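Student: I'd like to go through the aromatic rings in this one. Can we take it step by step?

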Amino acid sequence: MNRFLRDSGHLARPALVLVAGLAVFLVVRGAVIPKNFGKYGHYRPAALDLIRQHPAAFAGQDQCLACHDEQAKTRASGKHAHVACEACHGPQAPHAADFVNVKPALPDVAALCARCHENDAAKPKNFPQVVTAEHSGGVVCNTCHQPHNPHL
Amino acid sequence: MSGVEGFMYPNEVELQWSLLIVLYPYITGLVAGAFILASLERVFKVEAVKPTYRLALLTALAFLLVAPLPLQLHLGHPERSFEMYLTPHRSSAMAMFGFVYLWYLTVVLLLEIWLEYRPDIVRFAQTRTGVTRWIYKALTLGSENLSPSSLRIDDRVGYVVTVIGIPSAFLLHGYVGFIFGSVKANPWWSTPLMPVVFLFSAMTSGIAAVLVLYVISMKLRKTPIDMRCLDTVAKYLFYTFVIDFSLEMLDLVQRTYEADESFRSLDFMVHTRLWLSQVVIQIFLGTLGPLAVLAVTQLRTFSETLRRRLYITASLLTLVGIFAMRWNVVIGGQLFSKSFLGYTTYKVQFAAREGLLPAIALMILPFVLFYALVKLLPPWQEHKATEA
């Protein structure tokens, strides 16, 4: 029995290396996993605070309507009533915070309209779609359509 | 839009899984295949393949060390992959791969190589000088016991490790197939047959790789090739390839007969975008070609030189064919739209993070590692034969 133990003793060595590796892994794991990991889900709870610290990019519909009354009325009476302002004008939180110094650029109408209204077989049939090149022959959309209420 | 034909959803236009993800199952497959070949001698007592036993183990190790690298490069943030081990999620197939990989590397392959090479390591630790002596000293793990009884115990434990290694190798590679087979939204991938097909193609490519490496090693060392060994390896290559091909054909027949809503779209893709890589390279050049060559060598008797050349040709074609298979699975599965109304194009970049250049480097790396491993742990056993 003693001889067997002596002749198989070397097998304990790779096992020890493996156990040592495992122990190092567990120590590192214990040290680097953030506290409360998994409290709300498979993530760090502190990540929520970090995300909250990001500055808001969108001002929100109500902020826009507070000043732009005329455009709001035009839009409400047309087909774009349910399209949010910042869907076309882009995120405007900096403008809402400082409307004197931060002036938003007007959208590039030719590209903007085509983004939704370019003809595409995947879109519902009743959605207004045109092949822009044939439809206007290069004339920009807002020459004929008013973007806030696009009906002619 | 250039490269797009018909209708694609916006998130389908650009391929997310690139050439590097083609390399990943290819390299992992070579590992599993090489290990299965090694187990032929150890567990199934196929004595004829003994000259390739150690070579197959080193091949498996060299490729296994490189296997996660394409994924790391693809991730872009390699340091994040470590988090997968720290906080694994049960629903993450990739996290499970990490553990299967580590199990296979440490408990199976490194242990088996250590047990197999222990007498050589101890001998080198006692006879070599300088730095190499210390390397071998470290590899002995502090035990220089080479008594006949200890070697007998090593042999038995090695046998058990190989027996555990076979299902582990199956798990490692079947699992790579599982990653694709379980994507239920993709009809090109989603089939329970995927792990099995991946496994058998892995065995085929691994056996072919070891055959080529064995012949090249013998040529470089100017040592006569053991033709009995080569004939046997080629015979097993033929058998596994026949099973692999039958499984792939079963899959094809099943898909064609079933002809679900995706069939017309996928069939069109195979006849257009994948024609060269799937039909010409994978099926004709990389499968029927080597199968025909191997079948002829089984049926007719040829001279040794001709047989050697035929085996090498068949093996190289097999390696090309299996690579094409991985390409067609990974890339092919992303070329069509889920709407079944359109197709996109994949253009490989050259000197980019996921381009051709890093892919070539990643394919050369296992051979560099193999060379280093052969230098460190010479697999040649002629001296033992002469001593005996």
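This is a predicted model: local features need pLDDT of at least 70, side-chain atom pairs count only at pLDDT 80 or more; totals for chains, interfaces and linings use all residues.

Student: Okay, is Tyr136(B) buried or exposed?

Tutor: Take its relative accessible area, which is 2%. The cut-off for that class is under 20%. So Tyr136(B) is buried.

Student: How do the rings of Phe124(B) and Tyr136(B) pair: stacked, edge-to-face or tilted?

Tutor: Their centres are 4.9 Å apart, and a pair needs centres within 6.5 Å. Planes under 30 degrees apart would be stacked and over 60 edge-to-face. These planes are at 45 degrees, so the pair is tilted.

Student: Which helices does that pair link?

Tutor: The two residues are 12 apart and the pair links distant parts of the chain. Phe124(B) sits in helix H5 (residues 93-127) of chain B, and Tyr136(B) in helix H6 (residues 130-139) of chain B. That makes the answer H5 and H6.

Student: At what distance from the ring centre of Phe124(B) does Arg128(B) lie?

Tutor: A charge counts as over a ring if CZ of Arg is within 6 Å of the centre and within 35 degrees of the ring normal. Arg123(B) lies over the face of Phe124(B) at 5.2 Å. Arg128(B) lies over that ring's face too, at 4.3 Å.

Student: And is Phe238(B) buried or exposed?

Tutor: Its relative accessibility is 16%, and the cut-off is under 20%. Therefore Phe238(B) counts as buried.

Terms used:
Residues are numbered from 1 along each chain as its sequence is written. Chains are lettered from A and ligands numbered from 1 in the order in which they are written. Side-chain values use heavy atoms; hydrogens and water are left out. Rings of Phe, Tyr and Trp (its six-membered ring) pair if their centres lie within 6.5 Å; planes under 30 degrees apart count as stacked, over 60 as edge-to-face and the rest as tilted. Helices (H or I, at least four residues) and strands (E, at least two) are DSSP runs, numbered from the N terminus. Buried means under 20% relative accessible area, exposed over 50%, partly exposed in between (1.4 Å probe, protein chains only).
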